[in-house]
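Subject: Structure handover

Hello,

Here is the structure for you to take over. My notes on what was found follow below it.

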Amino acid sequence: CPIAVFASGTGSNLEAMLRQQHHNPLWPARVVLVVSDKPGCRACDVARRAGVPVFAERVSAYPDKAAFEAAVLAQLRAHGVAGIALAGYMRIVGPTLLSAYPRRIVNLHPSLLPAFLGRQAVRDALAAGVRETGVTVHYVDEGIDTGPIIAQWRVPVDEGMTEEALLARVHQVEHALYPAVVGELARMWSAEDRARGSGAGSR
Ligand code: GRF
């Protein structure tokens, strides 16, 4: 099942998915395109090194966000993308992409949603003094970190833990959980498209 990964940063979760693609012959997804709004980001290098096509453009290079998303959509269609996994993509997905890929865009968030929304979820969890936080995979809707939850995994917080140590623990869980869940979703998406008698080309 052809998928796109959207990333703006380090790309460690992209790497985790590409590892599956490389080593696990049964992984149902295939990363056929990486989309980024940060042309110089490490995730772009990770993709290029793996031979995955990259579409990396600044939104400011377009008249507006809708025009940027229209350009992204053209790329998604050209690559036959059936679903999208956001992995550290630091932009809100707009109506152009949401309506082209209903229930086919998922995100990874470093907390047990609905706790700790937003960009600093790990830091906020530490500051709140909780004994456990976690990782959530959810469908993307028009809100920020609000779509229906697909999977969660708990991460314990030790007393006096540093942010760095907690982040490392969260990432470790993400790198196991996200490829597994994205693989299952990809299996479902390709079954749906087969039943509908339509590939991603009809999107
Ligand atoms: C992850 O912690 C994810 O939960 C959040 O952004 C981070 C991306 O990390 N949405 P990376 O770029 O995959 O290393």
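**What was found**

Buried residues make up 40% of the 203 residues in the protein chain. A residue is buried if 20 or more other C-beta atoms lie within 10 Å of its own, exposed if 12 or fewer, and partly exposed in between, with C-beta atoms placed from the backbone.

Two notes on the source. This is a predicted model: local features need pLDDT of at least 70, side-chain atom pairs count only at pLDDT 80 or more, and totals for chains, interfaces and linings use all residues. Residues are numbered from 1 along each chain as its sequence is written.

**Overall fold**

The protein chain has six helices and seven strands. Helices (H or I, at least four residues) and strands (E, at least two) are DSSP runs, numbered from the N terminus. Their order from the N terminus is β-α-β-α-β-α-β-α-β-α-β-β-α.

The C-alpha atoms fill a box of roughly 50 × 40 × 30 Å along the principal axes. The radius of gyration of the protein chain is 17 Å, which agrees with the value near 17 Å for a compact globule of 203 residues. That radius is taken over C-alpha atoms, and the globule rule is 2.2 Å times the number of residues to the power 0.38.

Of the contacts with a separation of 6 or more, 66% join residues 24 or more positions apart. Two residues are in contact if their C-beta atoms, placed from the backbone, lie within 7 Å.

**Helix α6 and its partners**

Two helix pairs involve α6 (residues 163-195): one with α5, one with α1. For both, axes are lines fitted to C-alpha atoms, for helices over the stretch in contact, and angles run from 0 to 180 degrees between N-to-C directions.

Take α5 (residues 121-128) to begin with. Its axis and that of α6 come within 10 Å and cross at roughly 125 degrees. That makes α5 oblique to α6. Angles under 35 degrees count as roughly parallel, over 145 as roughly antiparallel, 65 to 115 as roughly perpendicular and the rest as oblique. The crossing of α5 and α6 is right-handed. A crossing is left-handed if the near helix is turned anticlockwise from the far one by less than a right angle, and right-handed if clockwise.

Which residues meet here? V122, R123 and L126 in α5 meet E163, L166, L167 and V170 in α6. The residues of this contact divide into five nonpolar, no polar and two charged. Ala, Val, Leu, Ile, Met, Phe, Trp, Tyr, Cys and Pro count as nonpolar, Asp, Glu, Lys and Arg as charged, and the others, Gly among them, as polar.

Now α1 (residues 12-23). It packs on α6 at an angle of about 50 degrees, with the axes 9 Å apart. The two are therefore oblique to each other. The crossing of α1 and α6 is right-handed. On the α1 side, the contact is made by S12, N13, A16, M17 and Q20. On the α6 side, the residues are H171, E174, H175, Y178, P179, V182 and G183. The residues of the contact of α1 with α6 divide into five nonpolar, six polar and one charged.

A29 is in the loop between α1 and β2 (30-36). Is A29 buried or exposed? A29 counts as buried, because 24 C-beta neighbours lie inside 10 Å. A29 and G183 are 154 residues apart in sequence, yet 5.4 Å apart in space, C-alpha to C-alpha. Leaving aside neighbours within four places in sequence, A29 is in contact with C1, I3, V182, G183 and A186.

**Loops and backbone geometry**

The loop between β5 (105-109) and α5 holds P114 and F116. A cis peptide bond joins L113 and P114, with omega about 10 degrees. Phi of F116 is near 55 degrees, a positive value in a residue other than glycine. F116 counts as buried, with 23 C-beta neighbours inside 10 Å.

D145 lies in the loop between β6 (132-139) and β7 (149-156). Phi of D145 is near 60 degrees, also positive in a residue other than glycine. D145 counts as partly exposed, with 18 C-beta neighbours inside 10 Å.

H79 sits in the loop between α3 (65-78) and β4 (83-86). H79 is partly exposed, with 18 other C-beta atoms within 10 Å. Beyond four places in sequence, H79 is in contact with P2, V32, L33 and P53.

Best wishes
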